[in-house]
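Welcome! Below is a model of two protein chains, and this report walks you through it piece by piece. Please keep the structure open while you read.

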Amino acid sequence: MSVSRPNFAVDIFQNEYLAVGAREVNAIVTVTASGAGTGAVPAQRAGQHPAGHEPGDGSAVVIMIDCSGSMDYPATKLQNARKATAAAIDTLRDGVAFAVVAGTHEAREIYPATGRLAVSSADTREQAKQALRKLSAAGGTAIGTWLTLTDQLFRSRPEAVLRHAILLTDGKNEHETPAELEQALARVSGRFTADCRGVGTNWNVPELKKIAGALLGTADIVAEPDGLAEDFRSMMTGAMNKSVADVALRVWTPANAVVKYVKQVAPEVADLTARRTEAGPRAGDYPTGAWGDESRDYHVCVEVPSAAVGNEMLAARISLVLPLPDGTTEVLSQGLVRAVWTDDLASSTRISPQVAHYTGQAELASSIQEGLEAHRAGDLDRATAKLGAAVRIAHATGNDGTFKLLQKVVDVLDPKEGTVRFRNNVSAADSMTLETRSTKTVRVKK
Amino acid sequence: MPQQTVCPKCVLSWDEEDAFCGVCGLSLQAPPGPGTAATGSAVVCVHCGAADVAPDGYCEACGGSQPRPRDHQERELAGVAGVSDRGLRHHRNEDAFALARTTLPGGEAAVFAVVCDGVSSSARPDEASATAVEAAAGSLRSSLTRGAEPGSAMRAAIGEAARAVTALAHDGRADGRQASGRSLGAPACTYVGAVSAAGAVTIGWVGDTRAYWVPDDRAAAEPYRLTEDDSWAARVVAAGLMPEAEAYADPRAHAITGWLGADAEELDPHTVSFTPHVPGVVLICSDGLWNYAEAATDLAEVVRTDARTAPLAAAQELVQFAIAAGGHDNITVAVLPITPTA
């Protein structure tokens with residue numbers, strides 16, 4: 001099997017010129033991984049496992065299916081979940097370690113039900129699909145228990161370094177306390193990544209986005225159960241295309257500087273600020289999960305001590321680092337964020353188009369979330385103002401996807417000004433779709 | 001001691017008596033770089049004192065940028081000296097200069113100097129000026145040693161410098177234009193050069209870098225400016241649209257109308273030659289100096305009376321004067337002593 005890790009490139013976009021006394025430095029960091037082989041094996045695992053039924057592949061996947069009682073209302077939900085899981089299993093390469101977990105108020109192994117992950121082959125995939133008959137709807141929802149079992153299963157195959165999960169739920173996390181879910185998330189975050197899907201409209205958007213965010217994956221709505229199979233197949237393909245895990249964005253800042261925030265801003269907004277782990281003097285690591293051939297943008301905002309006009313300072317050294325088995329890290333690529341103080345106003349008053357664009361995209365996401373929250377709380381004025389602002393930004397920045405979702409919730413009277421009116425009888429599905437996908441961004445128009 | 005005649009860094013050849021490469025300033029008599037880097041102990045940060053400066057020149061503790069070789073440069077050859085300084089308000093030195101001494105076919109010595117000032121609204125102005133002086137110095141040296149007339153040698157050098165700077169716009173390297181969000185022009189710089197050979201002085205320029213003539217005895221002979229700026233102010237004054245004082249006080253005064261670079265509409269190199277009959281010095285400089293003493297008589301007051309015999313000291317004092325006056329821009333000046341043959 002061909003083995004290759006992608007090459008990483010870091011590009012920094014910023015206006016390095018600061019006015020006298022200014023301290024805040026903003027930069028967009030574009031990370032591009034390219035050249036990953038189809039083999040999709042992390043380089044450090046290369047050649048360590050002979051072909052056969054051992055998971056020499058390095059990848060492992062666990063699929064968590066909600067089997068609470070509500071999955072039978074309507075019955076098509078569980079039927080489609082079975083079909084989608086079968087489709088996902090069919091997408092597995094030989095050699096990938098995998099398991100299927102049924103989630104209710106407790107977690108139960110459906111396949112292979114041996115306390116370990118199975119290793120994908122034509123036989124095990126067939127057995128797994130047969131076992132999906134055991135998925136039946138009864139009981140409550142305690143997602144923390146599902147995550148905990150999934151983590152145990154991954155630990156059964158420590159040689160699988162690319163660990164990804166798919167989580168499907170149709171309801172709120174009602175059978176454990178928020179604190180219990182919080183604790184489970186804290187235990188498993190960093191152990192595996194997870195894409196989360198809500199089916200129907202009875203689940204909680206912020207809750208699922210929080211789980212997906214903690215596990216560095218995506219959250220989305222599958223309003224119609226018959227869309228599940230296609231979605232599962234594409235999530236699985238995405239997971240199979242990852243070739244390097246546990247990559248971190250390392251941010252070094254000078255003495256007396258403060259990292260105000262580090263956010264992923266494309267393809268989706270995800271705040272990583274609180275995810276920092278210290279990495280030596282004045283440096284911290286922010287997790288980015290697993291990478292295949294792809295490109296992501298990050299917004300780094302640093303406050304540095306001010307310096308006199310004519311001075312230049314390194315405001316941040318941004319590295320992409322990969323932990324190695326021996327405990328050290330390898331620097332994959334690096335970029336510099338600079339600060340130069342000038343009394344030339346023409347230089348210091350310019351805003352980098354990339355920084356301006358993503359500041360807008362982040363505001364778009366928060367406007368939608370705050371607008372829908374205000375709507376739920378019955379504050380129609382605030383909701384209208386917030387969604388109006390969202391329409392204005394989506395229109396101005398060419399975020400057509402979000403603009404279309406907004407149009408299902410509000411009537412747009414003037415997209416330039418952001419004049420909108422809430423539609424009558426907005427469906428729950430449309431409102432939840434808008435909220436779930438509010439964090440999707442577009443890149444700067446060329 | 002073996003004498004090198006080719007600069008190992010910029011691969012231009014120089015006279016055997018040269019101690020430093022006239023273009024890049026590298027010492028030609030000491031072994032180049034690697035040894036010093038390998039044996040050097042930890043570099044101490046000039047800002048915070050931490051002995052922890054990264055190879056890319058930023059302190060690992062305070063992030064401060066360390067002084068770069070181009071921040072301050074001094075060079076002297078027999079018959080010409082030059083000093084360049086970053087000044088106080090700019091974060092890097094976008095000026096560059098070259099000095100050289102060569103021999104004409106008839107055996108007489110010729111010296112020349114070139115000063116270029118990177119246009120700060122262009123991309124990579126520091127590279128533009130360094131590229132221009134390197135190209136011009138190489139061209140002048142080969143033309144003069146071949147016996148070319150200094151005026152045509154100067155025009156050829158300006159042409160070579162212009163081509164080299166224009167090529168920077170097409171070298172495919174990221175130029176920060178997109179990254180910084182600034183709408184920057186293609187790499188560009190101004191130019192002024194002076195050749196002193198066989199008793200005559202030849203000046204060539206594009207933009208607002210200038211040349212001045214300052215005689216030793218300023219009571220007996222007037223100092224005067226040798227160049228006419230390619231600038232908004234100069235054009236307005238020349239067209240009689242505004243008095244000089246008013247034009248130079250205008251915010252547009254320094255907008256230049258001529259430069260070297262891909263964005264230049266047409267290359268219009270100016271040259272002038274004259275034969276001094278009294279002893280004195282020719283100064284060529286960037287606007288970082290003349291901004292503080294625009295008129296030739298004002299500038300002459302800052303030129304020591306023994307500048308002809310102490311050209312490096314004169315150049316150092318002129319740079320110090322501009323720094324003391326505010327050092328708002330990069331400052332570069334070259335001094336060519338002129339002694340008329342009796």
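First, some housekeeping. This is a predicted model, in which local features need pLDDT of at least 70, side-chain atom pairs count only at pLDDT 80 or more, and totals for chains, interfaces and linings use all residues. Residues are numbered from 1 along each chain as its sequence is written, while chains are lettered from A and ligands numbered from 1 in the order in which they are written.

## Chain A: domains

Chain A is assigned domain 1 (7-40 + 245-348), domain 2 (59-240) and domain 3 (354-436); such bounds come from an automatic or database domain assignment. Between the C-alpha centres of domain 2 of chain A and domain 3 of chain A there are 31 Å. Their contact involves seven residues from domain 2 of chain A and six residues from domain 3 of chain A. (Two residues are in contact if their C-beta atoms, placed from the backbone, lie within 7 Å.)

On the domain 2 side of this contact, α5 (205-214) and β10 (219-222) of chain A are the elements that give two or more residues. β10(A) gives the most, with three residues. Here helices (H or I, at least four residues) and strands (E, at least two) are DSSP runs, numbered from the N terminus. By class, the domain 2 side has four nonpolar, one polar and two charged residues. In this scheme Ala, Val, Leu, Ile, Met, Phe, Trp, Tyr, Cys and Pro count as nonpolar, Asp, Glu, Lys and Arg as charged, and the others, Gly among them, as polar.

## Chain A: a helix pair

Now look at helix α1 (residues 76-90) and helix α2 (residues 122-131) of chain A, whose axes come within 10 Å and cross at roughly 175°. That angle makes α1(A) roughly antiparallel to α2(A). For such angles, under 35 degrees counts as roughly parallel, over 145 as roughly antiparallel, 65 to 115 as roughly perpendicular and the rest as oblique. Axes are lines fitted to C-alpha atoms, for helices over the stretch in contact, and angles run from 0 to 180 degrees between N-to-C directions. The contact is made by A86(A), I89(A) and D90(A) of α1(A) and by R125(A), A128(A) and K129(A) of α2(A). These residues divide into three nonpolar, no polar and three charged.

## Chain A: a sheet and its loops

Five strands of chain A make an open sheet with antiparallel pairing, in the order β1-β3-β16-β12-β13. Two strands pair if DSSP finds at least two bridges between them. At the edges are β1 and β13 (270-271) of chain A, each pairing on one side only. Two bridges link strand β12 (residues 258-266) of chain A to β13(A), and Q264(A) has A270(A) as its bridge partner in β13(A).

| Residue | Feature | Loop in chain A |
|---|---|---|
| P112(A) | cis peptide bond with Y111(A), omega about 0° | between β6 (107-111) and β7 (118-119) |
| P267(A) | cis peptide bond with A266(A), omega about 5° | between β12 and β13 |

A residue is buried if 20 or more other C-beta atoms lie within 10 Å of its own, exposed if 12 or fewer, and partly exposed in between, with C-beta atoms placed from the backbone.

## Chain B

Chain B has eight helices and twelve strands, and 48% of its 342 residues are buried. Six of its strands form an open, antiparallel sheet in the order β1-β2-β12-β11-β7-β8. The edge strands β1 (72-77) and β8 (224-225) of chain B each have a single partner, so one side of each is left without a neighbour in the sheet.

Within this sheet, strand β11 (residues 280-285) and strand β12 (residues 331-338) of chain B run antiparallel and are joined by six bridges. V282(B) has L336(B) as its bridge partner in β12(B). Helix α8 (residues 311-324) of chain B packs on the sheet and touches β1, β2 (80-85), β11 and β12 of chain B.

## Where the chains meet

The contact takes 22 residues from chain A and 14 residues from chain B. On the chain A side, β1 (7-13) and β17 (312-323) are the elements that give two or more residues. The largest share, four residues, comes from β17(A). The chain A side divides into twelve nonpolar, six polar and four charged residues.
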